[in-house]
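Work through the following exercises with the sequence and the predicted model at hand. Each task is followed by its solution.

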Amino acid sequence: MLVLDNNLLSTLSQSALDGLTNLQELYLRNNELEQLPSGVFSNMPNLSQLGLSGNRLKTVDGNMFSHMPELKKLYLHNNPWQCDCNIISLVRWMGQTKTTMSPRHALKCVSPPKLKNKSLSSLQPGKLQCNA
């Protein structure tokens with residue numbers, strides 16, 4: 001288990017977590033993370049719990065979680081989700097995964113205004129748009 005909660009982390013490099021292949025639980029809660037490199041968790045095949053709640057994440061590539069076969073619990077609440085075309089892969093992954101999203105009802109859009117407070121799990125990927 002590695003707990004990096006409340007450390008004011010604003011970035012994670014692609015290789016920041018290299019060498020942690022046996023890690024089962026990683027907590028990065030209540031930091032300042034705005035984005036995650038798409039392969040940052042790719043060398044962590046045994047990760048079963050991942051805490052990313054309470055950051056500044058607006059979007060996350062859902063494909064990064066599909067390469068984590070042991071992932072059982074994922075905490076993404078309390079992030080300012082921007083519900084546009086950039087979140088489609090996450091919404092699709094959420095609809096297909098058996099991973100527990102905790103708490104799922106707390107994953108809400110902050111923007112755009114027409115989707116404010118809408119649950120991510122209720123979004124339809126085909127209707128998420130980006131302004132040109």
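**Exercise 1.** State which strand holds Leu 74, and decide whether Leu 74 is buried or exposed.

*Solution.* Step 1: Leu 74 is part of strand S4, which covers residues 73-75. Step 2: buried means under 20% relative accessible area. Leu 74 has a relative accessibility of 0%, so Leu 74 counts as buried. Step 3: leaving aside residues up to four places away in sequence, Leu 74 touches several others, among them Leu 50, Phe 65, Trp 93 and Met 101.

**Exercise 2.** Find how many salt bridges the whole structure has, and describe the one between Asp 5 and Arg 29.

*Solution.* Step 1: the search finds three salt bridges. Step 2: in the bridge of Asp 5 with Arg 29, N and O are 2.5 Å apart. Step 3: Asp 5 sits in the loop between strands S1 and S2, and Arg 29 in the loop between S2 and S3, so the pair ties together parts 24 residues apart in sequence. Step 4: Asp 5 counts as buried because its relative accessibility is 16%, while Arg 29, at 26%, counts as partly exposed.

**Exercise 3.** Describe the salt bridge between Arg 56 and Glu 32.

*Solution.* Step 1: the N to O distance is 2.6 Å. Step 2: Arg 56 lies in the loop between S3 and helix H1, and Glu 32 in the loop between S2 and S3. Step 3: Arg 56 has a relative accessible area of 42% and is partly exposed; Glu 32, with 22%, is also partly exposed.

Conventions:
Residues numbered from 1 in each chain as written. Predicted model: local features only at pLDDT ≥ 70, side-chain atom pairs only at ≥ 80, totals over all residues. Heavy atoms only, no water. Helix = DSSP H or I, 4+ residues; strand = E, 2+ residues; numbered from the N terminus. Buried < 20%, exposed > 50% of the residue type's maximum accessible area, 1.4 Å probe, protein only. Contact = heavy atoms within 4.5 Å. Salt bridge = Lys/Arg side-chain N within 4 Å of Asp/Glu carboxyl O.
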